[in-house]
Amino acid sequence: MNEIRRGTAEMTAAMLISGTIGWFVLMSGQPVTGVVFWRCLFGALTLLVICGAMGLLRPGILSLRTFAIAVASGIAIVLNWLLLFAAYSHASISIATTVYNTQPFMLLGLGALFLGEKITLTKLFWLGLAFAGMAVIVEGKPAETAGIGSYAIGILLSLGAAFFYALAALAAKWLKGTPPHLIALIQVSTGILMLAPFADFSALPRDAGGWSILMTMGIVHTGLMYVLLYGAIQKLPTHLTGALSFIYPIAAIVVDRFAFGHVLGMAQIIGAVIILAAAAGMNLGWTIALPRPKSGRLSKEATE
């Protein structure tokens, strides 16, 4: 029981930290490529110390194939961050984060395509519900949104971010058994190499406050968050991990409201609730009592 309590505290802390990153991104004053570059750099330094302390830097831990998959997942993670952070200024932190939570459905499709995983009727129901919520959010564009098409661009960027996160999650299935902190180190190190050519070193923060924001995103939102998240995953049952993961979008919506005064319209609230409910159903394995055809019976597997 103590392990469950500790895991719950770690998962809660990790999700609360994740929910605040939008504020740091927007307050940094840096272009998105710069934000992600510095996050990767400071995150890599933090994870290097953590992996060293855990004895994960000794040779022979990773095969060449495992390393290549970890690098590929790093490319996906970095693209995910770039798109999600770019979405904040178009569709607000609240909407971007909510739409981003369609990622389980992206993974559903990729799992069926590459891993031969079965798509059941129940999963299709949650998928359809999520798209219904998406349609409501798209129609619920606030009147004050700046720029023609900006809101739609934000939603598309968020969907793109969800897709690349799903790719990284798919890669994680092939990396089962590999120390997760080491995977995270490879991912952010990949990000450094990817973004160094695009980083504008002439537009660096000019005061300690600007640097502290970038360092916080690397040390706290990357290094510490990974430690808490992976520690929680090792201690908690899957259903509890999935349930606690919804602290993230809720925290992001609260931060967006109080830090930037963004209030969701009624249509956006309804759409967000629908999407999060569908994602919860998907993650937690909720089943739906589907009608049985008169001519026969649906197999038990079809509704699980």
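This is a predicted model: local features need pLDDT of at least 70, side-chain atom pairs count only at pLDDT 80 or more; totals for chains, interfaces and linings use all residues.

H8 itself runs over residues 180-195, which is 16 residues. From its first C-alpha to its last, H8 reaches 23 Å, close to the 22 Å expected at 1.5 Å a residue. How many residues of H8 are buried? The count is 12 of the 16, so H8 is largely enclosed by the rest of the structure. The buried stretch from His 181 takes in Leu 182, Ile 183, Ala 184, Leu 185, Ile 186, Gln 187 and Val 188. Also buried in H8 are Thr 190, Gly 191, Ile 192 and Leu 195.

Gly 191 takes us to H4. The C-alpha atoms of Ala 76 and Gly 191 are separated by 9.5 Å, while the two residues are 115 apart along the chain. Ala 76 lies in helix H4. Its relative accessible area is 6%, so Ala 76 is buried. What does Ala 76 contact, leaving aside its neighbours within four places in sequence? Those contacts are with Phe 164, Leu 167 and Ala 168.

Staying in H4, the next residue to look at is Ser 92. Most residues other than glycine have a negative phi. Ser 92 is not a glycine, yet its phi is positive, at about 80 degrees. Ser 92 also counts as buried, at 13% relative accessibility.

The axes of H3 and H4 are 9 Å apart, and the two helices pack at an angle of about 135 degrees. H3 and H4 are therefore oblique to each other. Their crossing is right-handed. On the H3 side, the residues that meet H4 are Val 32, Thr 33, Val 35, Val 36, Arg 39 and Cys 40. On the H4 side, they are Val 78, Trp 81, Leu 82, Phe 85 and Ala 86. By class, the contact of H3 with H4 has nine nonpolar residues, one polar and one charged.

The second pair is helix H5, residues 103-114, and helix H7, residues 150-174. Their axes come within 8 Å and cross at roughly 50 degrees. H5 and H7 are therefore oblique to each other, and H5 passes H7 in a right-handed crossing. H5 contributes Gln 103, Met 106, Leu 107, Leu 110, Gly 111 and Phe 114 to the contact. From H7 come residues including Leu 159, Ala 162, Phe 163, Tyr 165 and Lys 173. The contact of H5 with H7 has 12 nonpolar, two polar and one charged residues.

The last pair is helix H1, residues 2-19, and helix H11, residues 247-260. Here the axes come within 7 Å and cross at roughly 40 degrees. That makes H1 oblique to H11. What is the hand of the crossing of H1 and H11? The crossing of H1 and H11 is right-handed. Thr 12, Met 15, Leu 16, Ser 18 and Gly 19 of H1 make the contact with Ile 247, Tyr 248, Ala 251, Ala 252 and Val 255 of H11. By class, the residues of the contact of H1 with H11 divide into seven nonpolar, three polar and no charged.

That is the end of the walk-through; I will take questions.

Conventions:
Residues are numbered from 1 along each chain as its sequence is written. Side-chain values use heavy atoms; hydrogens and water are left out. Axes are lines fitted to C-alpha atoms, for helices over the stretch in contact, and angles run from 0 to 180 degrees between N-to-C directions. Helices (H or I, at least four residues) and strands (E, at least two) are DSSP runs, numbered from the N terminus. Angles under 35 degrees count as roughly parallel, over 145 as roughly antiparallel, 65 to 115 as roughly perpendicular and the rest as oblique. A crossing is left-handed if the near helix is turned anticlockwise from the far one by less than a right angle, and right-handed if clockwise. Contact means heavy atoms within 4.5 Å. Ala, Val, Leu, Ile, Met, Phe, Trp, Tyr, Cys and Pro count as nonpolar, Asp, Glu, Lys and Arg as charged, and the others, Gly among them, as polar. The expected span of a helix is 1.5 Å times one less than its number of residues. Buried means under 20% relative accessible area, exposed over 50%, partly exposed in between (1.4 Å probe, protein chains only).
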